[in-house]
Amino acid sequence: MKKLLNELQQAAAERETRRHFLHTCSTGLGAMALSSVLGSCGFFGKRDAQSNVVGSAPSSDGPATAPHPSQYLPKAKRIIYIHMAGSPSQLELFDYKPELAKYNGKDCPQALLEGKKFAFIRGVPKMLGPQGKFAQHGQSGAWVSDYLPHLQGVVDDISFLKAMHTDQFNHAPAQLLMHTGSARLGRPSMGSWVTYGLGTENDNLPGYIVLASGGKQPDAGKSVWGSGFLPTVYQGVQCRTDGDPVLYASDPAGISRDVRKQTIDAISQINQQQYDDVKDPEILTRIAQYELAFRMQMSVPDAMDIKSEPQYILDSYGVNPNKGSFSRNCLLARRLVERGVRFVQLFDWGWDTHGTSADGAIEIGLKNKCKESDQAVAALLKDLKQRGLLDDTLVVWGGEFGRTPMQENRDGQVLPFMGRDHHLEAFTVWMAGGGVKKGFSFGETDDIGYYGVKDKVHIHDLQATILHLLGFDHTKLTYQFQGRPFRLTDVAGKVVKPILA
């Protein structure tokens, strides 16, 4: 009993925080101070679908993830973002540079090295010609190498951005910049911004789901699908592809579903009482997450059960239904968007081809990663198209930066396998469906693929374009935090209008 009383006293003391003191202060000064504190955190923002979206936190008026109208009529209703963590070489896959082959094995010109920073290259490296065999495909005549034979068959549904560039040449900050708009920790991910702005169309599934493959997490960790300073209800929910999709979602042994529901209801009542006292929006997020977790016990196992798919669908993706894989995640992505999930993020680790090992070699490791993923990506596009989902589902594919036209060396020593260093000046990202042109290529690099020379696209431009396709002006999808409005594109970005259908 004494221990129980001590715990009760401690809980009461914890509630008597500065915020609680100011809230209960009888003077106007306390109320003004509280308003200043909470306002800087975005607690009192309002959502205005016609002009702006600012500072929306969960409210007791309804679920924060309920569907919200966009600012204008969207071309895309949902997104599947496929990130190849480590960054595949554009020079082996999409950016055909026959001129580069003429310099293969020759010393890199000093003009390409002076004043440049590389992750690993030191001294004077050798130039490295394209290793894939390129040909034009489809009515659009898109250049794709023999590393991706299945994707060759769907190029007429794709828009290629050939002159992407970034500010970061190390994996973690580059991945953060790509997915949160900032190379530093603490910003909301793109999926969080999207679910914050649009909500979700399925009350029984998270609006933002993450599926990872390749054996490791992205270098930037779970921050690339975190909610940052947005309420945590908007963060990505990672589902496993082996065993229970979400840990602890199953009922414990000896506990019936009715008892579990009664427990959730009791916890929610306690949390609601605490919210009524202190008005902390994170408490409402906690309530929503408990209730969603309970509903997910039924909805997630059904959504993740690919054994119910026809055999011809499993075969088209190259899926083993009893084994987690990237191809399985592609099929799951279709199943999830089909059920109203707003943003599905696929991360596949293992695309970092430096040439230090066979797995990291362009002639071995990159080929193997392409074999693991090519069929499934092409099948995903075909599957979405035949179900009528591709028209309003935006599919995005890419890494966090590009690869150099020269072969990587370390301390002036040639590595045992063919590899390329990180490159921020030029790389390729492609998009399909959801309001982008079909069979289109935008942007050009120079003769050796080192610099973008025409129609360059920055990371923030890509983000602005994605939000535009979802019906948002990227400058107006904001959240008030620490005294100023924040947005995904920071203070930059412009919509890439030439690729819009």
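The structure holds 16 aromatic pairs, and the model that contains them is a predicted one. Across the protein the pLDDT averages 86, with 81% of the residues scoring at least 70. Over residues 18–52, however, the pLDDT is below 50, although this stretch has 55 contacts in the model beyond near neighbours in sequence. The pLDDT is likewise below 50 over residues 54–62, a stretch for which the model has 30 contacts beyond near neighbours in sequence.

**Aromatic pairs**

- One of the pairs is formed by tyrosine 96 and phenylalanine 134, which are stacked, with 4.9 Å from centre to centre and 25 degrees between the planes.
- This pair links distant parts of the chain, since tyrosine 96 belongs to the loop between α4 (90–93) and α5 while phenylalanine 134 sits in strand β4, 38 residues apart.
- Tyrosine 196 and tyrosine 234 form an edge-to-face pair, with 5.6 Å from centre to centre and 80 degrees between the planes.
- Because tyrosine 196 lies in helix α7 and tyrosine 234 in the loop between β7 and β8 (237–238), their pair ties together parts of the chain that are 38 residues apart in sequence.
- Both tyrosine 196 and tyrosine 234 are buried, and both belong to a cluster linked by ring pairs that also takes in Trp193, Phe229, Tyr479, Phe481 and Phe486.

**Strand β9 and its partners**

- Strand β9, spanning residues 343–349, is mostly covered, with six of its seven residues buried.
- Strand β3 (residues 78–85) runs parallel to β9 and is joined to it by seven bridges; within this pairing, histidine 83 has phenylalanine 347 of β9 as its bridge partner.
- Strand β7 (residues 208–213) also pairs with β9 in the parallel sense, over six bridges, and here glutamine 345 of β9 is the bridge partner of valine 210.

**Helix α6**

- Helix α6 (residues 171–180) is largely enclosed by the rest of the structure, because eight of its 10 residues are buried.
- The buried residues of α6 are His171, Ala174, Gln175, Leu176, Leu177, Met178, His179 and Thr180.
- Glycine 181 follows α6, and its phi is positive, near 85 degrees.

- Alanine 119 has its place in the loop between α5 (98–102) and β4 (134–137), and with a relative accessibility of 14% it counts as buried.
- Leaving aside residues up to four places away in sequence, alanine 119 touches Phe169, Asn170, Asp421 and His422.
- The C-alpha atom of alanine 119 is separated by 9.7 Å from that of histidine 171, which is 52 residues apart from it along the chain.
- Arginine 420 is found in strand β14 and is buried, its relative accessible area being 0%.
- The side chain of arginine 420 reaches the backbone oxygen of leucine 128 at a distance of 3.1 Å.

**Cysteines**

- With a disulfide counted where two cysteine sulfur atoms lie within 2.5 Å, the count for this model comes to zero disulfides.
- Cysteine 108 counts as buried at 4% relative accessibility, and cysteine 239 is also buried, with a relative accessible area of 4%.

**Residues with positive phi**

- Most residues other than glycine have a negative phi.
- Serine 87, although not a glycine, has a positive phi of about 80 degrees; serine 87 is found in the loop between β3 and α4 and is buried, with a relative accessible area of 0%.
- Aspartate 490, another residue other than glycine, has a positive phi near 60 degrees; aspartate 490 is found in the segment after β21 (484–487) and counts as partly exposed, at 26% relative accessibility.

Note on methods
Residues are numbered from 1 along each chain as its sequence is written. Side-chain values use heavy atoms; hydrogens and water are left out. Buried means under 20% relative accessible area, exposed over 50%, partly exposed in between (1.4 Å probe, protein chains only). Helices (H or I, at least four residues) and strands (E, at least two) are DSSP runs, numbered from the N terminus. Two strands pair if DSSP finds at least two bridges between them. pLDDT is the predictor's confidence in each residue, from 0 to 100. Contact means heavy atoms within 4.5 Å. A polar contact is a pair of N or O atoms within 3.5 Å; within protein, one must be able to donate a hydrogen and the other to accept it, and residues adjacent in sequence count only if both atoms are side-chain atoms. Rings of Phe, Tyr and Trp (its six-membered ring) pair if their centres lie within 6.5 Å; planes under 30 degrees apart count as stacked, over 60 as edge-to-face and the rest as tilted.
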